[in-house]
Amino acid sequence: MELTELQQTSILQLYQALYNDIAGTENLESYSLMFTERGSLARLAETISKNQGFFGRFYPNDMAPLAFAEAFVNDLIGDRAAESDKTIATEYIVNKISDGATQNELIPEITTLLSSFPATHPNWGMAAAHYIRESAARIVDNLAGNTVSSDDKVLAVNYIVDQMNSAGQSFGDMIEWAITTLDSIDYSNPIWGNAAALFDNRIEISRYYSIEKAGELNGLVKQILASISHDAATVATAKAAIDALLNNFPIDLGTLDGNNGFLIGDHSLDNGVSKMIFDLYPITVWTSQDPQNSLAQLMGVHMPNDFV
């Protein structure tokens, strides 16, 4: 089933909320299929927020099972659980890998399990509360950038966490709430107005690259995204930078500083695009970049069936 324009926009918004990045045509197609299968943005968000990309830690595929298990448990739990409990989790992961499980399967399983514990749980509550709060803060940061004060971000994070703890909302529900709420705020709002404008500007660029230009995943595009502010004028400049990137804009090395890649002298195009491109990227900019239940029983909680 082909998604509507509004549904496509929701997926681009979700990608921004989760990764602070532009989806690209391949991710848009993949997430569109997942959206169709799950039937709602909240359920799609719940699934994706448990994967390795959102967790933000990447481990070599050839790591020894014990090395991966220890690194992952330490990154996820830290000192917020007893060593004996962490050992249980580590041994479980090692055994699962021996049985053929992959990192991409284990990370969603363990993070889903951890987030199911209440903050009052004697063994895992502290780690669960930290994981949930850090996840909520990441969403707020990815949506609002630097347009909102730290205090106001904390209020938003507190609301998300409270709704999950007290009102039975899932993390996916709250991601959808955050996206929908920010998208509805007027630009004149004294606290969140600039964040709403920034969000809209970013999504316009994401749509331009992912749909209009059918651009593939490219690490350089995130740098272009980072140049966008709540000022609408930055959208036109970013679109021009995308056009230059996709059309292999020629770089005159004589106009660049060998140390930092900045433009030297007055060689900017009339619209300032070349200046922005040279400021953003080093000389090598145009180089292609490709960029179970037994544990639940041990930890004393029922594992949700629908976490993937």
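What percentage of the 308 residues in the protein is buried? In this predicted model, buried residues make up 46% of the 308 residues, and the fold is built from 15 helices with zero strands. The protein exposes about 15200 Å², of which carbon and sulfur atoms supply 50%.

**Helix 11 and helix 13**

- The axes of helix 11 (193–212) and helix 13 (residues 233–246) come within 10 Å and cross at roughly 25 degrees; because angles under 35 degrees count as roughly parallel, helix 11 is roughly parallel to helix 13.
- The crossing of these two helices, helix 11 and helix 13, is right-handed.
- On the side of helix 11, the residues that meet helix 13 are Asn201, Glu204, Ile205, Tyr208 and Tyr209, and their partners in helix 13 are Val235, Ala238, Lys239, Ile242, Asp243 and Leu246.

**Helix 8 and helix 10**

- Helix 8 (residues 125–144) and helix 10 have axes that come within 11 Å and cross at roughly 20 degrees, and the two are therefore roughly parallel to each other.
- The crossing of helix 8 and helix 10 is right-handed.
- The contacts join Ser135, Ala136, Ile139 and Leu143 in helix 8 to Phe171, Ile175, Ala178, Ile179 and Leu182 in helix 10.

**Helix 3 and its cover**

- Helix 3 (residues 41–48) is mostly covered, with six of its eight residues buried, namely Leu41, Ala42, Leu44, Ala45, Thr47 and Ile48.
- The cover over the buried residues of helix 3 includes helix 1 (5–19), helix 2 (24–38), helix 4 (52–55) and helix 10 (171–184); helix 10 is also the partner of helix 8 in the pair described above.

**Thr234 in helix 13**

- Thr234 is placed in helix 13 and counts as buried because its relative accessibility is 18%, with the cut-off for buried set at under 20%.
- A polar atom of the Thr234 side chain lies 2.7 Å from the backbone oxygen of Asp231, and a polar atom of that side chain lies 3.2 Å from the backbone nitrogen of Ser229.

**Loop residues**

- Lys213 lies in the loop between helix 11 and helix 12 (219–226) and, at 38% relative accessibility, counts as partly exposed.
- Leaving aside neighbours within four places in sequence, Lys213 is in contact with Tyr208, Asp243 and Leu246, each of which is also listed among the residues where helix 11 and helix 13 meet.
- The C-alpha atoms of Lys213 and Asp243 are separated by 8.6 Å, although these residues are 30 residues apart along the chain.
- Ala214 lies in the loop between helix 11 and helix 12, is partly exposed with a relative accessible area of 43%, and has a phi near 50 degrees, a positive value in a residue other than glycine.
- Asn20, found in the loop between helix 1 and helix 2, likewise has a positive phi near 50 degrees and counts as partly exposed at 25% relative accessibility.
- Most residues other than glycine have a negative phi.

How values were computed
Residues are numbered from 1 along each chain as its sequence is written. This is a predicted model: local features need pLDDT of at least 70, side-chain atom pairs count only at pLDDT 80 or more; totals for chains, interfaces and linings use all residues. Side-chain values use heavy atoms; hydrogens and water are left out. Helices (H or I, at least four residues) and strands (E, at least two) are DSSP runs, numbered from the N terminus. Buried means under 20% relative accessible area, exposed over 50%, partly exposed in between (1.4 Å probe, protein chains only). Accessible areas come from the Shrake-Rupley method with a 1.4 Å probe; for residues, only the protein chains shown count as cover. A polar contact is a pair of N or O atoms within 3.5 Å; within protein, one must be able to donate a hydrogen and the other to accept it, and residues adjacent in sequence count only if both atoms are side-chain atoms. Contact means heavy atoms within 4.5 Å. Axes are lines fitted to C-alpha atoms, for helices over the stretch in contact, and angles run from 0 to 180 degrees between N-to-C directions. Angles under 35 degrees count as roughly parallel, over 145 as roughly antiparallel, 65 to 115 as roughly perpendicular and the rest as oblique. A crossing is left-handed if the near helix is turned anticlockwise from the far one by less than a right angle, and right-handed if clockwise.
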